[in-house]
Amino acid sequence: MRDITVFSGSAHPELAEEICAHLGTPLHPVQLNRFANDVLEVQLQANCRERDVYLIQPLVPPVQEHLVELLLMLDAARGASAARTTVVLPHYAYARSDKKDAPRISIGARLVADLMVAAGASRVLAMTLHSPQVHGFFSVPVDHLHALRELAAHFRQYDLSNTVVVSPDLGNAKEAAHFARLLGTGVAMGAKQRFSDDRVVISSVIGDVSGKDVIILDDEIAKGSTVIELLDRLRERDVRSVRVACTHGLFSGDAIERLSALPEVLEIVCTNTVPSPKPRDKLTVLSIASALAEAMRRIHYGESVSALFSTS
């Protein structure tokens, strides 16, 4: 592609290489130095002057390290006279900090969005933000993609005649309903209350799930506490089988082991927005590189990104 320059931080270079392969453009190197006092320095090792620059960096653990690296790359691109700098953000970890639900609490999603813009971001390309309001925290244009098409294409290989999509909570119900429409299935949802990062209670499941093949859909799975709690409620309703799907498969700690060990879970499906865990028998990882590459191409040539979802 003409007049485009793509760089990747250290968070997920494999995804960046796959995106560039779809675009037919090279992934340019970034030199990262760490001084004796633990300060980072970034150098973009390709010409950026009057170029359309794309910086690919999901915010994955260590999140703070990768965030600072991204901010430094943004500053370097601005200092190198880039015409426009787009942050390609496959996973925005701070999106979960999106509301003031306790006294004197920080709203990290808005603060980090402001930091990116202050550092030089002209535009953001994100994938499956935790909630719709996060889009509005950015003061620059945001193209918000989702992975429902890729997930739906995978699940269409199965017999879905007795299937229902289940959202763990009301917050994800709209996405679950959209996913169910793509698959031509029913939809149900859990009544969830969160008490801490790893303690949730789902009191009931709203909808017809008895005797059904269930697909649990969530935006991300970290510790897996929500899915395991939901499975307890589904067990009480005598579901026939369970498959788990999410966009961001973080699987911190022993989450993937715990989920894989449950006999009713036939499959766990995620995408490669974040680095994938070690291969497991029940784990399927789908690539969203082509979707991100096509969105980048459309942004570069001034074409509609929303048209990517016009038939969904």
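Predicted model: local features only at pLDDT ≥ 70, side-chain atom pairs only at ≥ 80, totals over all residues.
Asn272 touches quite a set of residues from elsewhere in the chain: leaving out those up to four places away in sequence, its partners are His12, Leu15, Glu18, Val285, Leu286, Ser287, Ile288 and Ala289. Is Asn272 buried or exposed? Its relative accessible area is 9%, and since buried means under 20%, Asn272 counts as buried.

Next comes a pair of helices. Two packed helices are described by the angle between their axes and by how far apart those axes are. For helix H2 (residues 63–79) and helix H3 (residues 108–119), the angle is about 25° and the axes are 8 Å apart. Angles under 35 degrees count as roughly parallel, so H2 is roughly parallel to H3. Which residues make the contact? On the H2 side they are Leu67, Leu70, Leu71, Leu74, Asp75 and Arg78, while H3 brings in Val112, Leu115, Met116, Ala118 and Ala119. Sorted by type, the residues of this contact come out as 9 nonpolar and 2 charged, with no polar ones.

Some of these names turn up again in the largest nonpolar core, which has 34 residues. The members that touch the most other members are Leu59, Leu70, Leu74, Tyr92, Met116 and Phe138. At least two residues of this core come from each of strand E4 (40–44), strand E5 (52–56), H2, strand E6 (84–89), H3 and strand E7 (123–127). Which element gives the largest share of this core? That is H2, with 7 residues. Met116 shows what this looks like from a single side chain's point of view: setting aside neighbours within four places in sequence, Met116 is in contact with Leu59, Leu70, Leu71, Leu74, Val87, Leu89, Tyr92, Ala121 and Phe138. There is also a second, separate core of 26 residues, and Val227, Val239, Val244 and Val265 are among its members.

On the annotation side, an unreviewed UniProt entry marks residues 5–120 as "domain: Ribose-phosphate pyrophosphokinase N-terminal". In the model, that span is 34% helix and 23% strand, and its end C-alpha atoms lie 16 Å apart.

Just after H5 comes Gly184, with a positive phi of about 70°.

Most residues other than glycine have a negative phi, and most peptide bonds are trans. Glu50 is not a glycine, yet its phi is positive, at about 55°. Glu50 lies in the loop between E4 and E5 and is exposed, with a relative accessible area of 59%. Phe251 also has a positive phi, near 45°, without being a glycine. The loop holding Phe251 runs between strand E13 (241–249) and helix H7 (255–260). Phe251 counts as buried, at 7% relative accessibility.

Conventions. Residues numbered from 1 in each chain as written. Heavy atoms only, no water. Axes fitted to C-alpha atoms, helices over the stretch in contact; angles between N-to-C directions. Helix = DSSP H or I, 4+ residues; strand = E, 2+ residues; numbered from the N terminus. Parallel < 35°, antiparallel > 145°, perpendicular 65-115°, else oblique. Contact = heavy atoms within 4.5 Å. Nonpolar A, V, L, I, M, F, W, Y, C, P; charged D, E, K, R; others polar. UniProt positions renumbered as here; feature names shortened; annotations may be inferred. Core = buried A, V, L, I, M, F, W, Y, C linked by side-chain atoms within 4.5 Å. Buried < 20%, exposed > 50% of the residue type's maximum accessible area, 1.4 Å probe, protein only.
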